[in-house]
Structures are given as C-alpha cells and as structure tokens.
Amino acid sequence: MLNVKNWNHVFKLDPNKPLQEECLTALCESGTDALIIGGTDGVTFDNVFDLLERVQAFNIPCILEVSTMEAIMPGFDSYFIPIVFNSMNKRYIVDIQHQAVKEYGDWINWDQMVVEGYCVLNEQAKVFEAAQCQLPSKEDVVAYAKMAEHMFHLPIFYLEYSGTWGEPELVREVAKQLDQTTLFYGGGIESIEQANLMKKYADVIVVGNIIYKDLQAALRTVEACM
Ligand code: 1GP
C-alpha cells in the first residue's frame, strides 16, 4: 500500500488541460512526492491514459484520483477514492463507490485503494457544484476531521479549496484533530510563502492551477517543502 505519511508535497495534474513535455519533465524531476491525476470537468479515458503513459517514463508515483468511472484504468501506483463529507447527495459519499465495487469488485486490488475524506470549502469550485456540496461551518469541518480520524480511520482527510486560498487558522484547527489520518490541503498555493504557511499545519500540500499559469512558481512550491 502506498504510504502517504511521509509525503510533503504533490502536484495535481488536470487531464483536461494541455501540458507540454518539458513542463511535465520539470514537474516529474522537481522532487515532489507524487503526481495525482484528477479533475472535475472533461476527464476522459483518453486524456487520463495519455497523461499516465507520459508520466510512466519517470520514476515518480502516479495516482489516479477517481472522479468518473469511465476513466478508471490499470497502471497507476494507487487510486484515491474521494468521499465527499459535505455533499448533500449520498451519491458522492457512498453510492458511486458502491456501484463501482458492485461492478468491478472482483478485479480491484484493495492494496492500491486509498480513501480520502473530502471536505470542499470553496463555493466557486467546480467540484463544489458537481458534488452538490454545502458550505460547512468551522465546527462542522472540525467534526468531519474527528470522524475521519476516529470513526472511519481514513488514511487521508483533504481540505479542498480548489482554485482559491484557504483559511490557515482552520487548517491549523483541523490538524490538531488528526494523528493517524494524514491532512492534505489544496487550494490557491502559488508562492513559496503560501506553501510554507499551509505546510506548517497540513501534512501534504497539493498544488494544481499554478502549474498551468506559471510553471516556475509551481516548481518553487516544492522547494518550500524540502
Ligand atoms: C485541486 O486541491 C487541488 O484539487 C489544488 O488546488 O488548483 O487551487 O492549486 P489549486
């Protein structure tokens, strides 16, 4: 089983966004702990397969964060399965997962499965709408973290601010609740200072959007975590 406990930094690649070969090479050789392939819109079998094939040329763990059944394929080092705690629709908490296990359960390598307790905190994020989330209060988020750690014993609790900068104070509060569960933070990290600040509280920072806006700035966030 992939051990995320020693990770500090990961890049998240959106299969729906073009990425030049030299950019991918720089990301793979940056010293980041892993590449996660995942997105909300336009994730297809073809664009996921294309990225997987290209990343396989490098010696770096590559993880598929599953968002659609059509784009599941063998070949990844691990598969992250989100369960969206603050979704109002049980479909995103247990039903899609249930359907996948019912159809493919006999072929699943359970050692490669890593479940993420997801909490989406940016109302403007595509995933917020797609997963029919409602904005939780701080107390709600802290309680979700306690559930991830003590009730579900999840390997990952993920504070997802995708596309916007989050609240360091809340990340700090959540971090206090977690011991066995690894805290991922993602959202709006574009500089060394931001990476440093969130890394003070989160175990792992996830860097996405800035890759496509300013690759050098994205690469600097890795140095901040070393
Ligand atoms: C998105 O949490 C990741 O799923 C990273 O967020 O794209 O805002 O860096 P950004």
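## Helix 7 against helix 9

Helix 7 passes helix 9 in a right-handed crossing. The contact draws on Ile192, Ala195 and Asn196 from helix 7, and on Arg220, Thr221 and Ala224 from helix 9. By type, these contact residues are three nonpolar, two polar and one charged. All of this comes from a predicted model.

The two axes come within 8 Å, and the crossing angle is roughly 40°. That angle makes helix 7 oblique to helix 9.

An unreviewed UniProt entry lists Asp14 and Thr40 under "binding site". They span 27 residues in sequence, yet no two of their C-alpha atoms are more than 8.4 Å apart, so they gather at one spot.

Asp14 sits in the loop that joins strand 1 (9-13) to helix 1 (21-28). Its relative accessible area is 15%, which is under the 20% limit, so Asp14 counts as buried. Beyond its sequence neighbours up to four places away, Asp14 touches Gly38, Gly39, Asp41, Leu51 and Tyr212.

Thr40 belongs to the loop between strand 2 (34-37) and helix 2. Thr40 is partly exposed, at 36% relative accessibility. Its contacts, with residues up to four places away in sequence left out, are Lys126, Val127 and Ala130.

Gly188 touches Gly163, Thr164, Trp165 and Gln194, residues up to four places away in sequence not being counted.

Asn209 is placed in the loop between strand 8 (204-207) and helix 8 (210-213). At 38% relative accessibility, Asn209 is partly exposed. Which residues does Asn209 contact, leaving aside neighbours within four places in sequence? They are Lys17 and Gly163.

## Pro61

Pro61 is located in the loop from helix 2 (45-55) to strand 3 (62-65). Pro61 is partly exposed, with a relative accessibility of 27%. Not counting residues up to four places away in sequence, Pro61 touches Leu2, Asp33, Ala34, Leu35 and Asp77.

Pro61 and Gln124 are 63 residues apart in sequence. Their C-alpha atoms are 30 Å apart in space.

Gln132 is not a glycine, but its phi is positive, at about 50°. Gln132 lies in the loop between helix 4 (126-130) and helix 5 (138-151). With a relative accessible area of 36%, Gln132 is partly exposed.

His153 also has a positive phi, near 50°, in a residue other than glycine. The loop that holds His153 runs between helix 5 and strand 6 (156-160). Is His153 buried or exposed? His153 is exposed, because its relative accessibility of 59% is over the 50% cut-off.

Key:
Residues numbered from 1 in each chain as written. Predicted model: local features only at pLDDT ≥ 70, side-chain atom pairs only at ≥ 80, totals over all residues. Heavy atoms only, no water. Contact = heavy atoms within 4.5 Å. Helix = DSSP H or I, 4+ residues; strand = E, 2+ residues; numbered from the N terminus. Buried < 20%, exposed > 50% of the residue type's maximum accessible area, 1.4 Å probe, protein only. Axes fitted to C-alpha atoms, helices over the stretch in contact; angles between N-to-C directions. Parallel < 35°, antiparallel > 145°, perpendicular 65-115°, else oblique. Left-handed = near helix turned anticlockwise from the far one by under 90°. Nonpolar A, V, L, I, M, F, W, Y, C, P; charged D, E, K, R; others polar. UniProt positions renumbered as here; feature names shortened; annotations may be inferred.
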